[in-house]
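Dear colleague,

Here is the structure I promised to hand over, with my notes below it. Please read them with the model open beside you.

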Amino acid sequence: MSEPSAASPVKAFDAIVIGAGFAGMNMLYRLRELGLSARVYERGTDVGGTWYWNRYPGARCDTESMTYSFSFSKELEQDWNWTERYAPQSEILDYARHVADRFEMRRDIQFETDVIAAHYEEATGLWVVRTSAGERATARFLISAVGCLASAPAVPKYPGIENFQGAWYHTGHWPHEPVDLAGKRIGIIGTGSSGVQSTIAIAPVASHLYVFQRTANYSVPSWNGPLAPATRDEIKAKYDSWREAARYGQIGIPFVSNGKSAKEQSPEDREIEYEAAWAEGGFNFIMTYPDLLMDLESNRTAAEFVERKIRGKVKDPVVADLLVPKDHPIGTKRICVDTGYYETFNRDNVTLVDIRSAPIETITETGIHTHHAHYDLDVIIFATGFDAITGPLMRLDIRGKGGLSLRDKWAEGPRNYLGISAVGFPNFFTITGPGSPSVLSNMLTSIEQHVDWVADCLRFMADQGAKSIEPTLEAENDWVQQVHDLGHATLYPMVESWYTGTNIPGKLRMFTPYAGGVGTYRQLCDDVVAKGYTGFALSAAE
Ligand code: NAP
C-alpha cells in the first residue's frame, strides 16, 4: 500500500460507497438519481462482489433467479432473461456486468482499489477516505456495501500448507484463469454451500475426489434446470406483485408458510407437507412450518424427514450415516440447496473422509494427513467459509466522532440502529449490516430495501437542510436489545456456525442478524420514516 503524501490531491464527492457488488451498484444508481456525486471503490477488477470472487466450479445462487435480481428498473426486469431456475455464477456475473454497462456505472467506480481507512472529521463534517491506491477522498456520506461474506474468506491455519507441492485454492477467492482439475486427485475441505456445490461439479472430472467433512450439513434439492420461457414470462407479467410478496415475506422471497405448528400436525399431514416442499425444492423447505426455526420438537420432524431422504439416496449405509447431520437442528446452520449432492457419494471416485473423528493434522508436500491416514492429492480446495457478517466491515479502519473506531465500538458485538446506522458515526450507513435481516434473507430484496431507505433518508436530509444524521443512544440500545431478543427466541444461537461467529477462532460468539422477518423489518423501517425519523438525531447545516 502506498501512503498518500500530504501533497496528494484530495478528491471530493457527496458520497463514497465501499464495494461494487449488487449493493454498491444499486446505491450508485440511487445516488445519481438524487443528483449526488459519488465514487464507488472496489477491490476487484469488475463489478459483481460475491459473484466476482466466488468462481469455483458449481457456484450458483441458492435463491431463484427471478427473485434474486434487481427490481429498481422495470425495463431491466423485462429485458433480462434468466436461463436457469437457479443461475450459475457466470450468468449472475454477466447480469451484474450488463447492469453496470446499461446504466453506465463504471465511470463512477474505481476498480482495484481498497478502502483502507475512513475517518470522520468533526470540524468539516466530512468522511476522509484513504485508499490502497494512495489517494485521499472526502465525502459527506459514507456507505458500506461490503457485503456479509465474500471479502473475508477464511483459510484454516493447518501446519505444513506452505510445503504442499500441488495447488490450493479457497472457493471464495477462486482464480480468474481456468483451473484444470481434470484427472486430478482433489481434496475439498468443508461441506457448507460452497463445498456441496463444488463437490457435485468436481466429482465427474476428478480422478478421485476426497471430501473432508467435519460437520454434516442438511441439503435440500433445488431441482435446478432450464427456466422455461413460459414460466419466465408468467412471472414477468406479474412482476410487481411478485416483488411485493418478496418484500413482505419472511425471508425476502414470494413464499407464504402454512401458518401451522409442525409438532401439532399429525405425522401423516406433516409428511404430505414436507413431500410437497421437497418436490417444490429450494430454501423454502425450512419455511414449511413457521415454527421450524423456533421450536426444537417441530424442527426435529423436518430433520427426520430429510434424514430419511439422505439415507434413501446414499447406497453405502456407513457413508449415509456420516452424511446425516447429528449436531444441529435443521436450518440453524445455513441449509444447502443442491442438485445431486448425496448421490455424488455413490460414485466410485468419491470418498467421504470424516475429519470429526480423525482431524486433519498436517498438510504435507503430497497431500493431507489426518489422524488416521494420509491422502495423496494434486489439488486442495478450501471450502471453509468466511469471517461473516461483521468480518468484511471489521477489516476496515473506520473511525467516527472523537476518533472512536468501529472495531472498538463493536468489540462486544455490533451496536447500531436498524442495522443501518451507529451512534458516533454520522452519515455512515451499512447496507445489509448486522442487526438487519441480511443473511437470513434473499440478499437482493434486503439490499434494495436498505438502499431505498438510505436514498430516501438523504432526500429527507436535503429537504430539511440537515447536515448530518445519527441515531440516538436510546434508539440504538433498544434496537440491539430487540435484535438480541428476537434472535434468542429462535434456535439459531444454540449452534456453532458462521451465523454465530464460532467458525472463526477467537471471534466473539454472538448471533447478530435481525430474526423478526424481512416484511416486519421493512415495516419498522418505514414506520421510522413515517414518524419523521424517530430514533435519529439530525443536525442542521450551518
Ligand atoms: P460455510 O457454510 O461456513 O462452510 C464451511 C465449511 O468448512 C463447513 O463445513 C465447516 O465445518 C468447514 N470448515 C471450516 N473450517 C474448517 C476447519 N478448520 N477444518 C475443517 N473444516 C472446516 O462456508 P460456505 O460453504 O462458503 O458458505 C458460506 C455461506 O455463503 C453460505 O451459507 C451461503 O450463505 C453463502 N453461499 C451461498 C451459495 C449459494 O448461493 N448457493 C454458495 C456458496 C456460499 P464446520 O461446520 O464443522 O465448521
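**Salt bridges**

The side chains of E84 and R60 come together in a salt bridge, with 2.9 Å from N to O (a salt bridge being a side-chain nitrogen of Lys or Arg within 4 Å of a carboxyl oxygen of Asp or Glu). Because E84 sits in the loop between α3 (74–79) and α4 (89–102) while R60 sits in the loop between α2 (50–53) and α3, the pair ties together parts that are 24 residues apart in sequence. Helices (H or I, at least four residues) and strands (E, at least two) are DSSP runs, numbered from the N terminus.

Before going further, please note that this is a predicted model, in which local features need pLDDT of at least 70 and side-chain atom pairs count only at pLDDT 80 or more, whereas totals for chains, interfaces and linings use all residues. Residues are numbered from 1 along each chain as its sequence is written, and side-chain values use heavy atoms, with hydrogens and water left out.

R60 counts as partly exposed, at 27% relative accessibility; here buried means under 20% relative accessible area, exposed means over 50%, and partly exposed lies in between (1.4 Å probe, protein chains only). A search of the whole structure finds 37 salt bridges. One of them joins the side chains of R243 and E77, at 2.7 Å from N to O. This pair links distant parts of the chain, with R243 in helix α7 (residues 239–247) and E77 in helix α3, 166 residues apart. Both R243 and E77 are buried.

A further salt bridge, at 3.2 Å from N to O, is formed by the side chains of E307 and R300. Salt bridges that share partners join R300, E304, E307, R311, D321 and K326 into one network. Within that group, R300 is partly exposed, with a relative accessible area of 38%.

**Strands and hairpins**

Strand β4 (residues 115–121) runs antiparallel to strand β5 (residues 126–131), and six bridges join them; two strands are taken to pair if DSSP finds at least two bridges between them. A117 has R130 in β5 as its bridge partner. The two strands form a hairpin with four residues between them, and G125 in the turn has a positive phi of about 70 degrees. On β5 there is also an antiparallel partner in strand β6 (residues 136–144), joined to β5 by four bridges, and V128 is bridged to T138 in β6. The hairpin of β5 and β6 likewise has four residues between its strands, and G134 there takes a positive phi near 80 degrees.

E112, in the loop between β3 (109–110) and β4, has a phi near 50 degrees, a positive value in a residue other than glycine. S438, which is not a glycine either, has a positive phi of about 25 degrees, and is placed in the loop between β18 (428–430) and α14 (443–464). Where E112 is exposed, with a relative accessible area of 58%, S438 is buried, at 0%.

**Helix α8**

In α8 (residues 267–280), the residues R270, Y274, A277 and W278 are buried. These four cover an arc of only 100 degrees around the axis, which puts them on the same side of α8 (the arc is that of the directions from the helix axis to the C-beta atoms). On the other side, E268, I272 and A279 are exposed. Just after α8, G281 takes a positive phi of about 85 degrees.

Terms used
The expected span of a helix is 1.5 Å times one less than its number of residues.
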